[in-house]
Amino acid sequence: MHILRPQFKMSEQAALKFAAERGFGIVVASDERGPRASHVPFVLVSRENGVTAQLHVTARNPLVALADGERRFLLIVPGADGYVSNDWYATPDNVSTWLYEAVHLSGTAHLRELDGNRAHGDALLAVSEARLPKQPWDLAGMEPAKRETMLAAIRVIDIVVDEVEGQSKLNHHKSDEDHVAVANRLARAMDSASTTLARKMRALRPGLAYDF
């Protein structure tokens, strides 16, 4: 990941926290034909020697054969993004831009044995269900034969993460006046990504006078 400015760079701790809270990303690896990618849910597992990103794909996914214990995978975890027009700023001569947050996790990929599928499913559901305002559902509630058929149709991949990169581009380098002006415009947008960015910008500089 090319970090545009030093002030945009997330700390490793912040980047891992961001990735864990998102729990969904794009995994990429390359074979002789070029890049292969899939959109995947994942969980981060802390181990003695670091962090592992554990994900699953269908058994027929080309990424399964690439998780050979030697090849490196990249897991891209995008957050909210939003366009900023040049006339949203309070001061003149600013250029239009795009605000966003994203984390890249990379490392060697290992294919887990099939007997690890249930543990992965339980861990993924525990994290995902905890985000919802309801009683958590788990695999024990599924008819056993159907559950086993479903679990047999996936393969679990561990990415042993050895590189963590995160970027939070939220107008850190702009003046307070411009920061507030852009946050106010994003807050009035109709899409949830823009309003998410506005809330994060307000949290970044909480003492300023926002309109929302």
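Before I name a pair of facing residues, let me say that two strands are taken to pair if DSSP finds at least two bridges between them. With that in hand, and bearing in mind that this is a predicted model, we can look at β3 and β6, which run antiparallel and are joined by 8 bridges; within that pairing, His56 stands opposite Val156 in β6. Strand β6 also pairs with β5, again in the antiparallel sense, over 12 bridges, and here Glu101 is the residue that stands opposite Ser168 in β6.

Now, which residues touch the most other members of the largest nonpolar core? That core has 26 residues, and the ones in question are Val27, Leu55, Phe73, Leu75, Val103, Ile157 and Ile159. Among the elements that give two or more residues to this core are the helices α1 (12-22) and α2 (63-66), together with strands including β3 (50-58), β5 (97-111) and β6 (154-169). There is also a second, separate core of 14 residues, which includes Val182, Ala183, Met201 and Tyr210.

If we leave aside neighbours within four places in sequence, Ile157 is in contact with, among others, Leu55, Leu63, Phe73 and Ala109. Asp158 lies in strand β6 too, and with the corresponding neighbours set aside, its contacts include Arg47, Thr52, Gln54, Thr108 and Arg112. As a general point, the side chains of a regular strand alternate between the two faces of the sheet.

Is Asp158 buried or exposed? Its relative accessibility is 9%, and because the cut-off for buried is under 20%, Asp158 counts as buried. As for a polar partner, the side chain of Asp158 makes a polar contact with the side chain of Gln54, at 2.9 Å.

Finally, I would like to turn to Leu63, which is found in helix α2 and which, with a relative accessible area of 1%, is buried.

Conventions:
Residues numbered from 1 in each chain as written. Predicted model: local features only at pLDDT ≥ 70, side-chain atom pairs only at ≥ 80, totals over all residues. Heavy atoms only, no water. Core = buried A, V, L, I, M, F, W, Y, C linked by side-chain atoms within 4.5 Å. Buried < 20%, exposed > 50% of the residue type's maximum accessible area, 1.4 Å probe, protein only. Helix = DSSP H or I, 4+ residues; strand = E, 2+ residues; numbered from the N terminus. Contact = heavy atoms within 4.5 Å. Polar contact = N/O pair within 3.5 Å; in protein donor to acceptor, adjacent residues only side chain to side chain.
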